[in-house]
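Have the sequence and the 3D view open while you read.

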Amino acid sequence: MKIFDVIGFALSNFLRRKARSALTVLGVIIGTAAVVIMLSIGIGMNKGFEDQLSSWGSLKEISVSEKYGTYNEETDEYEENTSRVPLDDITLDDIKALDHVQAVKPGIYGYGAYLIKDGKEKCSQGGIETVDAATMADFEYEILIGRLLNEDDVGTTNFVMSYNIPFNFYNPRELGENEWFAPVYTGKNDTELPFDPLDENIKYQFTWWYGYGEQPMDFSRPRIVLEDAKCVGVLVQDKASVENYNQDYDFSIYMDGKGYRDMNDRLQKNRNKYYGIPEDEASTGTVYFVNGVNVADNTVEGRETVYDYLTVLVDDTDEVIEVSKEIMDLGLEASSQMDTLEQVQEQTKFLRTILGAIGAVAFFVAAISIANTMVMSIYERTREIGIMKVIGCKLGDIRGMFLVEAAIIGVTGGVLGVGLSYLMSMLVNKLASGGAMEMFGIYSSESAISIIPFWLDIVAIILATVVGVISGLYPAIRATRLSALEAIKNE
Amino acid sequence: MAEKVVPTAKPVIVIKGLTKIFTLGKEKVAALNGIDLEIFPTEIICLLGTSGSGKSTLLNMMAGLEKPTKGSVTIYGERIDKMSERKLALFRQKNMGFVFQSYNLLPNLTAIDNVSLPLAFAGVRRKVRTKRAKQMLKLCGLGKRMKHKPTQMSGGQQQRVGIARAFVATPKIVFADEPTGNLDTHTTIEIMEMMVRMARENKQTLVIVTHDIEIAAYADKIYHIIDGRISAVEDNRDKQIIPASSTSAEPEAEQQKNEDDKPSIRSADDEISGILENFSIETEDKSENNTEEE
């Protein structure tokens, strides 16, 4: 028998008992829709957490800092780490050498350098944040005008502004008596920039003196040297860096790490000279106090801390946890959004399992319904099956007819069930818009509670078909075992 | 004239010591009691007996629908009683046609679809088999009822469809179990003549089971069966009823036949006959491929 004929027979049998077929299909529709909806809520929850976390920073990034000490739970005391691994170029190279590490951003909080525009306007808001100019493009910086830093900017003072910086220049001499700062603008992308930051005619300079332009100069001291710099680009609004996640808006000026360190050395020397501090007493280079501890102390092999933090970019989200562990093995602190995500997923796993189980039960009921329908159908068609056997229908073809009929029920139910689940998903999302996600501790406003990815549709339809065929298996085999003679005698 | 049976030809069906014992509660009832029988090609034979004589059981065993308790049924050298269900289905598909007392048409199929069923099982393309089924129905005088379903037809018409179905694939053997049991006398004659004529024209072996001596009169040979035994064999050739070679039950069919220059079943569709003759159990796949050729 040709396969088309087998399908034709199955189809005509399916259509013969319309009411019963429709009811069986309805069972499969409900089963499929239940599974899809339940899974889609689980997926929606996960997506919600991910959205929320990635709004705090990329899921592929790991923040690395030094390990100053640990809190001992037994003694209830804080134990200082006396052989601390500092964030210096050796550590940087160690981390770069790890597998799956795509790029490392050497971060220095460059507060204390003020940007001056055309020698008279000043921006007190922006702090310098260092990046590795060569790998800046790997991180999630989005350029609005101009370009990001690149290899050519390594070791230079070229910089990229965050969107808010141009709004924050003010002329100290034009302020009223009680005004220390000009109004702070928190620009939006749709706001036009007050001037073109990339204009060749604008002269940018950095100074170390916070009172520059605001307080009278002491001309008895050596001249304050201003460092020339060039702006190459402006970022889009609201692309806050990992370190800035507590801020609403990004106020950073991004500069190459090496370029910044050199500039900072020069600024420090100028400052020492201005205040008359002898070279040997003055500390050159970058010296920071963190938690009141001089970071130069307690380091392994007397190495010096160079960077405040490192941001490690991993090439694959799935490797983040592993790379984090390896970094911790180096004696450093490492944290990532993936840690949190994994924790949260672990916590909601139970809930998702329950949802899945509810769907599975519905599906199981549908499967029983298919099997029941097919068995009933065999009782009804006993005589026909017998006639077909006597006339010479092969057993395989009889089995095929019943399996195909069961598969037709499965496919029809699966396809319609997926359709229904889209409808229900829309309804759930509409009803639950706002509010509902907070039930699960998700505060990301854009996330939908139910998300149906395309693969779920395909899987659901395939599953429904397979369940149909499996449910049809027993009745089909039963049909082939019917005695032709008995079947014919059956009046 | 009907063809003479050649006694020296190799028998088509050979039955040896066939015994069937049914167990009813504690009692054992012998339905068949050591039957020996040989049926030759193109023979039309009749198993004549009363209800409960075992004639139907004998037919069922020839068709492989029941297994004997003892003895053997050999058709074309193949042991039917030892064949698997799978093989039997194929064997029936290729070699056997059936006409039943209660017609046994599929209720949801039209006359055309019912008739083309054996061809569908053999894997013949829809277009070819529908054409063939239409020819068969015309030959059986149902040219105007092709799209009717069994419930829309009279008993005689249903049995014509049943005969068309039995003969459509030109099987070598046709079994008819009380083919006219549910029909009036007039229709009985029409049906019997049609069946016998077709068997003759196609040189087929026809085995008729009946309790009606009137029907037995169409056979070459009559086996009287009583209590599971062949009590008498009667050579009926001298006094048998011989239907006219081109009698038609309905005027429309006759007209049709005349227009078609009196087609015989054999020549009606050589394509299918060829296919089915080449068809054998051992070369199942190959045969199916043949049917798929455009």
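## A run of charges in chain B

B:R237 has a relative accessible area of 25%, so this residue is partly exposed; buried means under 20% relative accessible area, exposed over 50%, and partly exposed in between (1.4 Å probe, protein chains only). Its side chain meets that of B:D235 in a salt bridge (2.8 Å, N to O). The term stands for a side-chain nitrogen of Lys or Arg within 4 Å of a carboxyl oxygen of Asp or Glu. B:D235 is partly exposed too, at 44% relative accessibility.

Another salt bridge pairs B:K239 with B:E234, and here the closest N and O atoms are 3.2 Å apart. B:K239 counts as exposed, because its relative accessible area is 56%, while B:E234, at 22%, is partly exposed.

## What you are looking at

This is a predicted model, where local features need pLDDT of at least 70 and side-chain atom pairs count only at pLDDT 80 or more, while totals for chains, interfaces and linings use all residues. Residues are numbered from 1 along each chain as its sequence is written, chains are lettered from A and ligands numbered from 1 in the order in which they are written, and side-chain values use heavy atoms, with hydrogens and water left out.

## Chain B as a whole

Chain B has 11 helices and 10 strands. These are DSSP runs numbered from the N terminus (helices: H or I, at least four residues; strands: E, at least two). Of its 294 residues, 56% count as buried. Take the contacts (heavy atoms within 4.5 Å) in chain B with a separation of 6 or more: 70% of them come from residues 24 or more positions apart.

## Where the two chains meet

The size of an interface is often given as the accessible area lost when the parts come together. Chain A and chain B bury about 2,300 Å² between them, 62% of it on carbon and sulfur atoms; buried area here is the accessible area (1.4 Å probe) that two parts lose on being put together, summed over both. A:K2, A:I391 and A:K394 supply 27% of the area that chain A buries against chain B, more than any other three residues. In residues, the contact takes 24 from chain A and 31 from chain B.

How many salt bridges does the rule find across the interface of chain A and chain B? There are two. The side chains of B:E85 and A:K389 meet in a salt bridge at 3.9 Å, N to O. On the side of chain A that touches chain B, the elements giving two or more residues are α1 (3-16), α6 (337-391), α7 (395-431) and α9 (484-489) of chain A. The largest share, seven residues, comes from α6(A).

## Salt bridges elsewhere

Over all chains, the structure holds 19 salt bridges. Side chains of opposite charge can pair when their charged atoms come close. In chain A, the side chains of A:K117 and A:E121 meet at 3.7 Å, N to O. A:K117 is buried, with a relative accessible area of 8%, whereas A:E121 is partly exposed at 21%. A:R17, A:R20 and A:E380 are linked in a network of salt bridges.

## A buried asparagine

Buried or exposed: which is A:N270? A:N270 counts as buried, because its relative accessibility is 8%. This residue lies in helix α4 (residues 257-275) of chain A. The side chains of A:N270 and A:W208 are joined by a polar contact of 2.7 Å. Leaving aside residues up to four places away in sequence, A:N270 touches A:W208, A:R223, A:I224 and A:V225.

## Two positive phi values

Most residues other than glycine have a negative phi. A:H100 is not a glycine, yet has a positive phi of about 70°. A:H100 sits in the loop between α3 (89-96) and β4 (101-107) of chain A, and is partly exposed at 35% relative accessibility.

In chain B, B:E178 has a positive phi near 45°. The loop between β7 (173-177) and α6 (185-201) of chain B holds B:E178, which counts as buried at 10% relative accessibility.

Technical notes. Polar contact = N/O pair within 3.5 Å; in protein donor to acceptor, adjacent residues only side chain to side chain.
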